[in-house]
Amino acid sequence: MMSNRLRRTMLFCPANDPKMLFTSPIYGSDCIIFDLEDAVAYSEKDAARDLLCEALKTVDYGKTEVFARINALYTEFGRADVEALVEAGVKNIRLPMCETKENILELHDLLNELEEKFNVEKGSIKIQGAIETPKGVMNAYEIATACDRVVAISFGAEDFTRSLGIDREKCGKGLFYARSQIALAASAAGVSSIDTVYANLDDMEGFIEETKEAKELGFSGKSCIHPLQVKTVHKIYTPNMVEVEKSMRIINAAKEAEEKGIGVITVDGKMVDYPVVGKAERIVSLAKGAGII
Amino acid sequence: MIGVAGRDKADDILVRADLSEKKGIRIELKSKNKIVFGKSIESAVKEAAKELGVENCDFQLEDFGALDFVIKARVKTAIKRARGNNDEQ
């Protein structure tokens, strides 16, 4: 069962760029990730954190789901990032380099303390676990189910290929197992799965191909590093009207059957059970997100 | 006792904070928008300083069209850098 929240696109924005902090919502991504980690120079970590905190207190991001990618908790910046962000009102945190459930639980415990300290509803701050190493891939399910705060897991191919010693540019097959594992683990855990970024902005064909693969593998969405990539992902993730109409018939039939207390139903001559209804709901959710219904 | 933050780029502001000043908050502002937004910028600076408990500081600002939240962030970073406590606290 997949999370119902629409997370087709996660647009990465460096948190030390004032303009991106207030213009990013206009690009229409389902989620924005403000990055305090790799996109920020060591000497500017403190400034990026202050800037993001003030933006979170001020800017209205509307329906766009905002995540903050913190520095890993084992770095000198990680815990200070979390404390400042919680005080500023952050709702979602992306934890980099997750390898085990203990990584998630360490953040979970810290959030418990800080929610109490700053009078924030307990358990309200959610976590996206970023899986970027072979060990993380092997532990994807335990990461996705580490605690109720986890709403998504994501794949980071850049660090993954570096750890595995393979070439990111020529490794379609090399990523197949890892991507499949993450999409499956997320689905089994009932959380979203977000595919890796595609760094070569000049290669839109490659980006389209990788996004189609992500959809086929079962990913909820794809990370984007440029606003131009957002519309492309949404287009690929938009179901056609035949699928949408069929899904709506399934949902209506299931609703009617539930009201009448009927167990098994058929639609268009095929048996409909719980997973089929779940898939139909997902398609309708994507269609609504795309604005076609 | 001096901290600097921000960049000389559009939508940003360069802030130099000198905490050795002992005569209250003093602000020297360079901005194309000074006539229209000067008071608003100064207000944002004072608010950020107050949030960090700073009562005495000499601020030199060069504004490139920063919004209030950017001004406050840069002022806070400059103050923290002046205190030398970027991540220790």
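The legends below describe close-up views of a predicted model.

**View 1. The contact between chain A and chain B.** In this predicted model, chain A brings 21 residues to the contact, while chain B brings 16 residues. The size of an interface is often given as the accessible area lost when the parts come together. Here the area buried between chain A and chain B is about 1500 Å², with carbon and sulfur atoms giving 51% of that area.

**View 2. Charged and polar pairs across the interface.** Between chain A and chain B there are four salt bridges, one of which joins Glu44(A) to Arg81(B), with their closest N and O atoms 3.4 Å apart. Seven residue pairs are in polar contact across the interface of chain A and chain B, both residues of each pair being at pLDDT 80 or more.

**View 3. The side of chain A that touches chain B.** At least two residues of this side come from each of α1 (18–23) and α2 (45–58) of chain A, and α2(A) gives the most, with nine residues. By class, the residues of this side of chain A comprise nine nonpolar, three polar and nine charged.

**View 4. The second largest pocket.** This pocket has a volume of about 390 Å³ and is lined by 23 residues, among which Phe12(A), Asp35(A), Arg69(A), Val197(A) and Ile225(A) lie nearest its centre. Both β1 (9–14) and α7 (157–164) of chain A supply at least two residues each to the lining of the second largest pocket, to which β1(A) gives the most, with four residues. The lining of the second largest pocket divides into 11 nonpolar, four polar and eight charged residues.

Conventions
Residues are numbered from 1 along each chain as its sequence is written. Chains are lettered from A and ligands numbered from 1 in the order in which they are written. This is a predicted model: local features need pLDDT of at least 70, side-chain atom pairs count only at pLDDT 80 or more; totals for chains, interfaces and linings use all residues. Side-chain values use heavy atoms; hydrogens and water are left out. Contact means heavy atoms within 4.5 Å. Buried area is the accessible area (1.4 Å probe) that two parts lose on being put together, summed over both. A salt bridge is a side-chain nitrogen of Lys or Arg within 4 Å of a carboxyl oxygen of Asp or Glu. A polar contact is a pair of N or O atoms within 3.5 Å; within protein, one must be able to donate a hydrogen and the other to accept it, and residues adjacent in sequence count only if both atoms are side-chain atoms. Ala, Val, Leu, Ile, Met, Phe, Trp, Tyr, Cys and Pro count as nonpolar, Asp, Glu, Lys and Arg as charged, and the others, Gly among them, as polar. On a 1 Å grid over the protein atoms alone, a cavity is a set of points where a 1.4 Å probe fits but cannot get out, and a pocket is an open set with protein on both sides within 12 Å along at least five of seven lines; lining residues have an atom within 4 Å of a point. Grid points are joined across faces, edges and corners, and a volume is the space filled by probe spheres set on the points.
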